[in-house]
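Subject: Structure for you to look through

Hello,

Here is the structure I promised to pass on. Please open it first, then read my notes beside it.

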Amino acid sequence: MDNIITFEKIEKYFNLTNKALNEIKKNIIKGKENQAREIIDMVTNYLYDAKHFLDKRDYVNCFAALNYSHGWIDSGVRLKIFDVHDDQLFTVC
């Protein structure tokens, strides 16, 4: 049943994205603070949206917002705005 969005799956990805967000906040590459702030703002906004959809029990849009949120994190990692190396939290090369 991997093709069903369950509360447990949403909870897992909320935890993963929040953990990744906390890590990037501590690991901003010097000189990239402005870009980091913009990415962190977008991540936070999408997490807020995900929470809103979860409260409405709209699991599909909640999961979509979570994926966008984490996508912003991974883009910052790939663009070398954040100095992180955990391949369980981030798409690292």
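**Two salt-bridge pairs**

Lys51 and Asp55 are about one helical turn apart, because they sit 4 residues apart in helix H2. Helices here are DSSP runs (H or I, at least four residues), and strands are runs of E of at least two; both are numbered from the N terminus. Lys51 and Asp55 form a salt bridge, with their closest N and O atoms 2.6 Å apart. That term means a side-chain nitrogen of Lys or Arg within 4 Å of a carboxyl oxygen of Asp or Glu.

Before going on, note that this is a predicted model: local features need pLDDT of at least 70, side-chain atom pairs count only at pLDDT 80 or more, and totals for chains, interfaces and linings use all residues. Residues are numbered from 1 along each chain as its sequence is written, and side-chain values use heavy atoms, with hydrogens and water left out.

How exposed are the two partners? Lys51 is partly exposed, with a relative accessible area of 42%. Asp55 is exposed, at 52%. The cut-offs are these: buried is under 20% relative accessible area, exposed is over 50%, and partly exposed is in between (1.4 Å probe, protein chains only).

The salt-bridge count comes to 2. Glu23 also forms a salt bridge, with Lys26, and their closest N and O atoms are 3.2 Å apart. Glu23 and Lys26 are 3 residues apart in helix H1, so about one helical turn separates them. Glu23 is partly exposed, with a relative accessible area of 27%. Lys26 counts as exposed, at 61% relative accessibility.

**Helix H2**

H2 covers residues 33–55, which is 23 residues. At 1.5 Å a residue it should span 33 Å, and its end C-alpha atoms are 33 Å apart, which agrees. The expected span is 1.5 Å times one less than the number of residues.

Which residues of H2 are buried? They are Ala36, Ile39, Ile40, Val43, Leu47, Ala50 and Leu54. They pack against helix H1 (7–26) and helix H3 (59–78). Contact here means heavy atoms within 4.5 Å.

Arg57 follows H2. Arg57 lies in the loop between H2 and H3. Its phi is near 60°, a positive value in a residue other than glycine. Arg57 is exposed, with a relative accessible area of 67%.

**Helix H3**

The 20 residues of H3 should span 28 Å at 1.5 Å a residue. The end C-alpha atoms of H3 are 28 Å apart, which agrees. The buried residues of H3 are Cys62, Phe63, Ala65, Leu66, Ser69, His70, Ile73, Asp74, Gly76 and Val77. What covers them includes H1 and H2.

Take Cys62 first. Cys62 is in H3. Its relative accessible area is 0%, so it is buried. Leaving aside neighbours within four places in sequence, Cys62 is in contact with Ile10, Phe14, Ala50, Phe53 and Leu54. The C-alpha atoms of Cys62 and Tyr46 are 9.2 Å apart, and these residues are 16 apart along the chain.

Now look at Asp74, also placed in H3. Asp74 is buried yet has no salt bridge. The nearest side chain of opposite charge is Arg78, 8.1 Å away. For charge, Lys and Arg count as positive and Asp and Glu as negative; His and the chain ends are not counted. What lies by the Asp74 side chain? The backbone nitrogen of Thr91 is 2.9 Å from one of its polar atoms. Not counting residues up to four places away in sequence, Asp74 touches Leu89, Phe90 and Thr91.

Lys80 follows H3. Lys80 has a positive phi of about 60° although it is not a glycine.

**The core**

How many residues does the largest nonpolar core have? It has 23. Such a core is a set of buried Ala, Val, Leu, Ile, Met, Phe, Trp, Tyr and Cys residues joined through side-chain atoms within 4.5 Å. Those with the most contacts inside this core are Phe14, Ile24, Ile73, Phe82 and Phe90. The elements that give it two or more residues are H1, H2 and H3. H2 gives the most, with 7 residues.

Not counting residues up to four places away in sequence, Ile24 touches Ile40, Ile73, Phe82, Val84 and Phe90.

Best wishes

Notes: Polar contact = N/O pair within 3.5 Å; in protein donor to acceptor, adjacent residues only side chain to side chain.
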